[in-house]
Amino acid sequence: MDGNNTGWDQVIAEMIEMGFEYSDIVEAIKVVGPSVPSAVEHILSAPKSQTHNIDPLRRQPLRTCRLIRQSKIFDHFHSDDVQEHKEYLPDFNPIELSEPLQAQDSDVASDWERKVSILMQKHFGFSSLKSFQKEALSSWVAHKDCLVLAATGSGKSLCFQIPALLSGKVVVVISPLISLMHDQCVKLTKQGISACFLGSGQPDNTVEQKAMRGLYSIVYVCPETVLRLVQPLQKLAESRGIALFAIDEVHCVSKWGHDFRPDYSRLSVLRENFSASKLKPLKFDIPLMALTATATKKVREDILKSLCMSKETNVVLTSFFRSNLCFMVKDSRTSKASYAKDFCELIKVYGRKQNIDGNEKALISDDSDYVSNSSNDCSSSDTDSVSPDDVDDNQDDYACGDDFLMGRELSVEFLENDMDVIQNVDNSDVTHGECCLKLPHKERELSEPIDPTKEPEGRLKFLKEPLEHGPAIIYVPTRKETLRIAKYLCKFGVKAAAYNAGLPKLHLRRVHKGFHENTLEVIVATIAFGMGIDKSNVRRIIHYGWPQSLEAYYQEAGRAGRDGKLADCILYANLASNPSLLPSRKSEEQIKQAYIMLSDCFRYGMNTSCCRAKTLVEYFGEDFSHQKCLLCDVCINGPPQRQNLKEEACILLQTIGAHNVCSDSMDCSYDDVYFGSKQRRIRERPNLKVLVGKIRQQFQKFLTTDILWWRGLARILENKGYIKEGDDKIHVQVKYPELTELGMEFVKSMMSEQDLYVYPEADMLLQRKTNIPFSSFSEWGRGWADPEIRRQRLEKLKLNRNPRMLPSPKNKKRRKRKGKKGQSDMRTSRGRLAAKLAKFK
Ligand SMILES: Nc1ncnc2c1ncn2[C@@H]1O[C@H](COP(=O)(O)OP(=O)(O)OP(=O)(O)O)[C@@H](O)[C@H]1O
Ligand SMILES: [Mg+2]
C-alpha cells in the first residue's frame, strides 16, 4: 500500500510539474494506474469538455489559448510561481514588452530581476544572476536578439532556461550534440523543469508530438530536426507560444570556427519563418539568443550574418579569462615511448597505492620504454605488459577501470557518435621529438615577486593552493590513442576509460555515467567528449598531442575547474616538429583556414615569454586587463633570458634576400618561358632548411646550430614583419621565406647600430638543451673520404653505441621483422652503418 502511494505521489508530482491539474491527474491515475506516460495520454485523449484546464501554464485551457502571447511581461510568468511567491511580489506590474526595458522605471526593472531571482532560487538554488546573464535576459525581455560570448562554465545555459520559467512559453534550444541535449534534459528534470530533446536519439516517438503541442517548457533539438519541424514549430508559436530560440555552441555556424557544421549555417530559417511579418499573430519577431565560449571576431561577424540576426543585436561579451585555470605546455614525443615520463604524475595521483610504490623507479626511469625495462609487477611479465599493438584491434576491451565495467548500465538510452565521426580522425598521428618533464604544483614560485596590492585576492590564493582531488580528461588526436593510453593507465590501477565515437554506444553510456558518478577518474577521449561536459570538479585537462586550433583547445580546457577551484590544463606536444592537420572532409578554403588555426596553436606552444592565459584571451579579441594570470608555466617560471640576436638575424635576412633575388631573376627567364606559372617559380625558391644549410657552410660558428633554432628565429622575424611566407600555400610556419621591405630596411639599419634583443622560443631552447652538435650531411660525407677521420669516427661510434641499439624486446621484435638476427638491413643508412661496425668487432 505504501509503495502504491509512493508511486501515486511521484506521478502526481511529476505531472504537476508538467502543468496538469491535480484533479485531472487523480482522475487519470484512477483509470490507467500510476504511470506518467499513460496518465498524460489519458488526459490528452480525453474529450474536449474534460480537458479545459490542461494548459501547462495553468492559466488558460491549452486548446483555447489566445494566439497572441507576447504582449506583456505578465505572460512571461508561470502563474504557479507567481502564486507561490505572491508575498514577494506585492506590486506586480506587468511590463509592456512593446517598450524597451531601459525605458521602464527602475522599480519595474528591479522588480523583474527580483522575480527572476525567486525562480532561480527555487529551481537552481542560485542567489543571483551574473551580470552577463542579466544583460542577456534584458535583451530577451526587450525582444532583442542577443549574442552571448562568455567563458566555458560561466553559466550560459541559464540565459535561455530562465525565459521558459519566466514566460510559461516554450524555449527551443538548438544544440549540436545529442549527449549534450540529453545531459541538460536530465538536469532540468531534476530541477523541476519539464524538458525534452528531439531527433534521431529520442527513443520515444510520442515525445515530438507532445513537444509540438506545448507539453514541455524547454525543447532541445539538433539543427537538422529544427529544419524539419519548421511548420509544427510555427503552430506551437501560435498556440502556447515560443519565448525564444537559443542557438547554443553557435560557433558551429561559422566556416571560420573550429567546428563548422553545415546544418547550423541553414539556421537563418529561424528568422525567416518566425518573424512578426511571417506569423501574423506575433507582435514581435521571436528573439534569437546565440551562445558560445569560443568565437574570434571573424566568427562573431559570421554568426550575426549567417543567422540573419537583427541590426540591434545585443552582443554580450564577457571576459574569456578563467582565473582558476593553470595553463602549461610541455615538450613530449606524445608516443607510447613517452607515456612513462608524461603520466607518472597522473599515476601517482590516481593510481592505486600498492602499484605506485613499486613502479616509481620504472616510471621516472630515463629509459622510456616501460614495457621492456620496468621490473615491477605491472609491467614486467609478458602477459601483463601492455603493448599498444595488443590494444589497437582489441574491440572487446575498451580499457575501463576494472570495477567500472562490472557496473550498471546508463539509464541514458541514446548517445550519438557525432563529434569525431565528422573529423574522421581514426588513424592519423603526429610525429614526435624529445621529451622533458616538469612536475606541476610541486611549488608555485613566481619568477618575479608580485605586488599583492595590485592583484585580486582570489588569484593570489591559488598560488598557495594544492590541487584538490577530482577527475581528469586526457584529449588525444586519434581513436587508437584513447585505447592505448586508457589501457596503460589501467595497468597502474587508475580508474580510466577510453571514449571515442567509434566505440559501442553501450560503452560510451557507461563511461558517461561513470564519469558523472565519480566511478571513473580519468577519461581518455577524442574530441567526441567535448562540448557541454559540465562536471564541476574536473581537476586536470591534459591534451596529449597538438590540438587543431586554439578554439578547440580552449573549449576542451574549459571543462576543468568549473567549481572555481584550481585546475590544471596541460598541453603535451612535440615542440620539435610541426603539427599536422587531421584528415577531414573540408573544402580547399576550409583547409586553408584550418592551417591558419593550426599555426596559431603551434605558436601558442612555442611562446615562452607571454602569459598563456593572456595569449588565449587575446586570441579571442579580448584586451587582457591583468598583466599576468600568475598561474601558467610562463608566469611561474618566467621567460628565458633575452638574447641579442642581431648578428644571426642579419645573416638569415641577408641569405634570404640574396636567394630571393637570385631565384626571382633566374626564375623569370626559366619559369616564365617554360612553365609560365608562379607556383613553379615559388617552388624553385630554397626553403628555410636549404638556406640554413648555406649559412652553415658559410659560417663555421653556426655549424652546431640546429635547424630548430633557425626555425624559431625565422618565426620571430616573421612576427616582426621582416620576412613572410613566399609560397601561396599556407604552412604551419614559414617554409619559403621571402624578405619584406621592412626586412630590407632592417638589414640596412642593422649594419650600423641596432641591437635585436628577443626571447628565444621553445624550439630554440630545445636545441640548446639537447646540445647535440650539428653535422651537416655534406660535412659528414666529406669526413668519410679521409681514412683517418673515418677510423676515428667508427671507433667512437663503437664505444658510444646508442643504448637504443642494445637488445631489448622491442628492438628484437624490430630486428625480427627486418631479417635474421645479426643481419643488417642494407636498405637503410643505419643498417649499412651497423654492418660496417660489425666488421670492426
Ligand atoms: N548565476 C549563477 N550562480 C552560480 N552558479 C551558476 C550561475 N549560473 C550558472 N551557474 C553554474 O555554472 C555551471 C556552468 O553552467 P553552464 O553549463 O551553463 O556553462 P556554460 O557557460 O554553458 O559552459 P560551456 O561553454 O562549457 O557549455 C553550472 O553548473 C551552473 O549550475
Ligand atoms: Mg553550455
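In strand β4 of the predicted model, the residue bridged to C196 is V219. This pair belongs to the contact between β3 and β4 (residues 218-221), where three bridges join the two strands in the parallel sense. Both strands are part of an open sheet of seven strands, arranged in the order β3-β4-β2-β5-β6-β1-β7 with parallel pairing. The edge positions are taken by β3 (195-197) and β7 (314-317); each has a single partner strand, so one side of each remains without a neighbour in the sheet. With direction ignored, neighbouring strands of this sheet are turned against each other by 15° on average.

A further open sheet contains six strands, with parallel pairing and the order β8-β13-β12-β9-β11-β10. Here β8 (325-331) and β10 (496-499) form the edges, and because each pairs with a single partner strand, one side of each is left without a neighbour in the sheet. The twist from one strand to the next averages 15°. Within this order, β12 stands between β13 and β9. Strand β9 (residues 472-475) runs parallel to strand β12 (residues 540-544), and four bridges connect the two. One residue pair can be named on each side of this contact: Y475 has H543 of β12 as its bridge partner. In general, the strands of a sheet pair through backbone hydrogen bonds, in either a parallel or an antiparallel manner.

The shell comprises 17 residues, of which F126, G153, K156, S157 and R562 come nearest to the ligand. Classified by residue type, the shell consists of four nonpolar, seven polar and six charged residues.

A polar side-chain atom of D534 is found 3.2 Å from an oxygen atom of the ligand. Taken on its own, ligand 1 has 650 Å² of accessible area, and the protein covers 80% of this area.

Terms used: Residues numbered from 1 in each chain as written. Chains lettered and ligands numbered in written order. Predicted model: local features only at pLDDT ≥ 70, side-chain atom pairs only at ≥ 80, totals over all residues. Heavy atoms only, no water. Near = heavy atom within 4 Å. Polar contact = N/O pair within 3.5 Å; in protein donor to acceptor, adjacent residues only side chain to side chain. Areas by Shrake-Rupley, 256 points an atom, 1.4 Å probe, with all protein chains shown as cover. Nonpolar A, V, L, I, M, F, W, Y, C, P; charged D, E, K, R; others polar. Pairing = 2+ DSSP bridges. Axes fitted to C-alpha atoms, helices over the stretch in contact; angles between N-to-C directions.
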